[in-house]
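I am opening a notebook page on this structure. The entries below record what I looked up, in order.

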Amino acid sequence: MLKKLLKYDFKAVGRLWWIMAVVVLCMSFVGSFVLRFVIDNIDIESMAFLCLIGILFLIVCIFCIVGSVIITYVLVFWRFYHHLFSDEGYLTFTLPVKRRDILLSKTLNSVIWISLHTVLLVVCVGFFLLISPPAGEGDVIFNFVVFDTFGELFSLITPEIGGWLALFVIEAILILVSTAFFTTCLIQFCITVGAMIAKKLKLLAAIGVYYLVNTVLSGVTQICGTLGTIFIAAGLEVLLSGATVNQCCGVVALALLIFTVMMVTFTATIHFITQGMLERRLNLA
Amino acid sequence: MKTKIFKKLSLALALALIAAQLLMLTAFATEEPEWEMSVNGNYLYYGETAYEYYDGYYPLYPIPDEIYSFDQELFYGGTIEKSHVSDNGIVWVDFGGTDFYATKDAKAKLDAFMNGDVGGFLLSNENDVYFNAVLEQDTARSIIAAYDDGAETRRVSVKELEYAVTYNVLAVDKSETVAYIYGAIYLVGAEYCFVDYTKLGNQYFDADGNFSYRSGTVELEALGGALATEVKKTINGIEDNYPTYVWEDTVDDIYDMDIFWDDASAIAVFWVCYVLVGFIMPIPFIVVGLVFPRSKKKGYPKYWYILSIIAGIWLLLAAAFLAVILLI
């Protein structure tokens, strides 16, 4: 049943999301050529008006890209709110599925769309990096200067840390995925609490709860996170002063893994609390 | 009833948070004063402190071990610097050249310094005062005294000295902030010879205050015996003594961990934080994950066990991290 729930959730968001994605991709593609034009011709007086039009287009482009982030989040979490806490919620909870499957389906759906949107952003940035730099000597259309720089950076790092780089990349992906899950579960928790405490204006209450939770979390993570990182990094710097590169990389890899598991623990806690609220306390009357 | 209490508590917490954030409106950091220069360039002001332009008899060189450089640039691009080691009321503006400014008290001390109240001496390369070595005070004063005595001196044309290997004798003030070229030691033939610049008139110096080899004759003191040996020893010890720069925009950087504490404190704080994060923090999650499903009163579902499993993995990884650190 989970697969079916996921399929319908996926379709519900995808219906509108792919239109936005196509628009953003086209804007980025055209915008990268416009940026190249502006870079090449900004110093020429006769082209000043066209450059101004180009810059305005680029501003619109940036707004589209930023807007796509907001639209993705709105689509995904509106689906969650509307499907569970509005009048449609009565139908949802009469389905012959466990509430935990409903919540899990919404969570997985959110994470998938947030991940897809991240890929979309990477492609858009890739267009700008590939197309915008003016053609160098010998280049016909594309100037790979940015990618060459990444390549040089990669070839500088690899001899130093060798195969550890692959592990760090995997761990970075795990951290990104766990962060996406954490963000999703936190927003779902806030929407659920907001819907529970307010009879009317549930969405406003949810936003208020999210603001409250985010403020507290930001304060705590900024203070504890910053100080903790400084203290732990300072201590490690001393403890690892005589260590080999392999030993240092091993320690860093373990530290990243511990951080990932911490994020998963917090995520699981919030998810189970939300699940508990949906199963035991939700009153749609 | 419970919902009402929950609502009231939530509202109270929200109001408390908003009030706490409003407190930030009252907080403000004390503003650092800015450097201001007078219209005629004779004065520099830093808050209440006034520094007057100092034009000594001899060109001065900034020579502290550490130079503190302010972030602010003057309108013509000069940056203001001072000694980071000694707070002596002397600052200088580095704009390619160097202009010195001093408070009233510092000016009096600089005047005394220019008139012979010297803190120490250095021997430096001819073209770079920062390649230097300390010239023992006894040696320097003996050389100067012998020059004043005139017993070992002879008069020579400055043109004879133009291409000789030259080492500057620098007089350094008591706060070890500024220096001027007191004289020079020349290698004439196989002999070290000293010329005291402070005994010479203005005609021996160019517009920048540097010794000129255009024309004129000077008294040259030949250094013999122990003095020559000491000087040779000092010359052999000349090395790079460029001052270290401390930049205003990084000195308050909290990520500059070297200014925080010594190694022992850093390790102690590390272990405290590590035990807290690695071993104490997962415990509540393990307890909750084990207790909730077993609670007959509340009857939480079995999936809470997953939380204790994940927190258990957290604890195991922390133990593995500890083992790795201890083995290194």
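In what order do the elements of chain A run from the N terminus on? I read α-α-α-α-α-α-α-α. The count for chain A is eight helices and zero strands; helices (H or I, at least four residues) and strands (E, at least two) are DSSP runs, numbered from the N terminus.

Ground rules. I am working with a predicted model, in which local features need pLDDT of at least 70, side-chain atom pairs count only at pLDDT 80 or more, and totals for chains, interfaces and linings use all residues. Residues are numbered from 1 along each chain as its sequence is written, chains are lettered from A and ligands numbered from 1 in the order in which they are written, and side-chain values use heavy atoms, with hydrogens and water left out.

Entry, chain A overall. I looked up burial and found that 42% of the 285 residues of chain A count as buried (under 20% relative accessible area; exposed is over 50%, partly exposed in between; 1.4 Å probe, protein chains only). Chain A exposes about 15600 Å², and carbon and sulfur atoms supply 76% of that area (Shrake-Rupley method, 1.4 Å probe). I then took the contacts (heavy atoms within 4.5 Å) between residues at least 6 apart in sequence: 76% of them in chain A join residues at least 24 apart.

Entry, helix H5 of chain A. I checked the length of H5(A), residues 145-161. Its 17 residues should span 24 Å at 1.5 Å a residue, and the end C-alpha atoms are 25 Å apart, which agrees (the expected span is 1.5 Å times one less than the number of residues). After H5(A) comes A:Gly162, with a positive phi near 55°.

Entry, H5(A) against H6(A). How do these two helices pack? Their axes are 8 Å apart and the angle is about 110° (axes are lines fitted to C-alpha atoms over the stretch in contact; angles run from 0 to 180 degrees between N-to-C directions). H5(A) and H6(A) are therefore roughly perpendicular (65 to 115 degrees). From H5(A), A:Phe154, A:Ile157, A:Thr158 and A:Ile161 meet A:Trp164, A:Leu165 and A:Phe168 of H6(A). I sorted the residues of this contact into six nonpolar, one polar and no charged (Ala, Val, Leu, Ile, Met, Phe, Trp, Tyr, Cys and Pro count as nonpolar, Asp, Glu, Lys and Arg as charged, the others, Gly among them, as polar).

Entry, A:Thr192. This residue lies in H6 of chain A. A:Thr192 counts as buried because its relative accessibility is 0%. Leaving aside neighbours within four places in sequence, I found A:Thr192 in contact with A:Phe80, A:Phe85, A:Thr274, A:Met277 and A:Leu278.

Notes:
Parallel < 35°, antiparallel > 145°, perpendicular 65-115°, else oblique.
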